[in-house]
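Dear colleague,

I am handing over the structure we spoke about, with the sequence alongside.

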Amino acid sequence: MSTIWFYFDFSATFVGVGMICPHLINISLLVGGILSWGIMWPLIQDKKGHWYPADLSPSSLNGLKGYSLFIGIAMILGDGLYNFTKVLGHTLFGLYCKLTTKDPRSVLPVGTCSPTPNSSISYDDQRRTQLFLKDEIPTCFAVVGYVGIAIISSATLPHIFPPLKWYYIVVIYLCAPTLAFCNAYGCGLTDWSLAPTYGTLATFTIGAWAGSSHGGVLAGLAACGVMLNIVSTASDLMQDFKTGYMTMASPRSMFVSQVIGTAMGCVISPCVFWLFVKAFHDLGVPGSAYPGPYAAVARNMSILGVEGFSALPKHCLTLCYVFFIGAVVINAIRDAVGKDIAKYIPIPMAMAIPFYLGSYFAIDMCLGSLILFIWGKIDKAKADAFGPAVASGLICGEGIWTLPSSILALAGVQPPICMKFLARKTNAKVDAFLGS
């Protein structure tokens with residue numbers, strides 16, 4: 001199992017993403033892949049029959065897959081908790097400065113209160129503020145809209161997900177505004193959205209509240225979706241409003257555009273999902289073209305919240321503690337040593353992804369990073385100017401092919417030739433089988 005995930009799958013998308021992502025991200029992914037699939041999983045696999053039963057299926061969470069998922073989750077939670085604490089600290093400190101400072105330039109243009117005229121504020125900024133506040137969205141409209149959506153969600157979601165009771169949804173909607181404000185303000189300060197972390201918090205809380213005997217796993221996943229949509233929408237919309245403020249666009253027109261886009265997504269997204277389900281029968285299956293790795297992570301987070309540590313394989317909890325603390329320590333070191341040295345230290349969140357997904361995409365992304373690096377050494381000006389365009393072309397080219405590929409799959413058309421790379425031992429077995 002430890003060898004099949006080390007390969008280059010000729011994915012133009014991942015190569016393009018590697019050209020766009022910083023070199024440190026790509027190196028962190030590769031380091032995580034080598035640490036997990038190159039070192040740890042082979043060592044744990046040698047413990048088969050001692051740490052976990054030898055007759056388990058490869059997909060069993062009580063075997064090697066359980067180690068890969070839960071250790072990766074521990075690193076994600078450690079990184080998320082550290083950054084949540086850091087961003088929350090920045091947020092509270094920023095609010096404290098806003099409330100205590102007397103500098104008129106720090107006055108937020110909120111509601112009907114305009115900033116105090118001051119010669120230190122440029123004419124462009126005064127004009128932007130005037131135009132932005134002219135079409136402000138009434139507070140009563142926001143409150144009525146939020147309460148109305150909460151009522152609709154509380155009435156409809158329990159019919160779609162029976163374990164998610166209406167009072168769970170009410171509690172989520174009562175807590176969400178505070179978390180949404182923290183995420184929006186923190187994202188504005190640090191450019192880091194912690195919406196998945198808040199979603200995980202809802203998964204653990206609601207899943208444990210519901211309990212395993214009352215569908216706690218499904219309730220936790222559904223609660224995560226509700227919280228994630230509220231919190232992420234708040235930060236995304238505030239960033240759009242900031243863009244509208246800078247470009248002197250009307251906030252009402254931007255809000256209406258968001259509503260129209262959301263309404264279109266309610267129709268288009270299910271249709272795209274239906275197309276994938278009908279065209280690719282192995283959708284979501286590990287090892288397929290579309291494995292859906294984060295779905296397994298979210299599900300196992302919900303299982304962990306419902307069943308507790310009893311769901312973990314032998315010694316897995318100890319390893320989770322080690323990697324959780326390791327993620328926090330690495331982040332603390334990165335912040336302590338400064339940016340000049342931190343750019344050489346891997347990022348725990350990026351290292352955790354190959355733990356459960358595999359290292360194949362890390363090889364692709366590192367190849368893209370290597371291409372851009374060599375290009376920059378040869379001609380830095382052209383690499384900076386045309387690198388994003390080349391990466392976008394690789395990503396869009398493979399993405400556009402997905403639609404005709406789905407249509408051909410629906411029509412039952414099979415490719416006339418296939419290409420596959422095997423490990424040396426597996427290839428020897430195939431040759432021996434064909435020779436017989």
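This is a predicted model: local features need pLDDT of at least 70, side-chain atom pairs count only at pLDDT 80 or more; totals for chains, interfaces and linings use all residues.

The unreviewed UniProt entry carries the annotation "transmembrane region" for residues 12-44, 137-160, 166-185, 192-210, 216-234, 255-277, 316-333 and 353-375. I looked at two of these segments in the model: over residues 216-234 the chain is 100% helix and 0% strand, with 27 Å between the end C-alpha atoms, while over residues 353-375 the chain is 91% helix and 0% strand, with its end C-alpha atoms likewise 27 Å apart.

As for packing, helix α3, which spans residues 64-100, and helix α10, which spans residues 293-307, have axes that come within 10 Å and cross at roughly 85°. Since angles of 65 to 115 degrees count as roughly perpendicular, α3 and α10 are therefore described as roughly perpendicular to each other. On the α3 side the contact is formed by L69, F70, I73 and L77, and on the α10 side by A296, V297, N300, M301 and L304. By class, the residues of this contact between α3 and α10 comprise eight nonpolar, one polar and no charged.

Turning to the cysteines, the structure holds zero disulfides. C21 counts as partly exposed because its relative accessibility is 23%, and C140 counts as exposed because its relative accessibility is 55%, the cut-off for exposed being over 50%.

Key
Residues are numbered from 1 along each chain as its sequence is written. Side-chain values use heavy atoms; hydrogens and water are left out. UniProt positions are given in the numbering used here, feature names are shortened, and annotations may be inferred rather than shown by experiment. Helices (H or I, at least four residues) and strands (E, at least two) are DSSP runs, numbered from the N terminus. A disulfide is a pair of cysteine sulfur atoms within 2.5 Å. Buried means under 20% relative accessible area, exposed over 50%, partly exposed in between (1.4 Å probe, protein chains only). Axes are lines fitted to C-alpha atoms, for helices over the stretch in contact, and angles run from 0 to 180 degrees between N-to-C directions. Angles under 35 degrees count as roughly parallel, over 145 as roughly antiparallel, 65 to 115 as roughly perpendicular and the rest as oblique. Contact means heavy atoms within 4.5 Å. Ala, Val, Leu, Ile, Met, Phe, Trp, Tyr, Cys and Pro count as nonpolar, Asp, Glu, Lys and Arg as charged, and the others, Gly among them, as polar.
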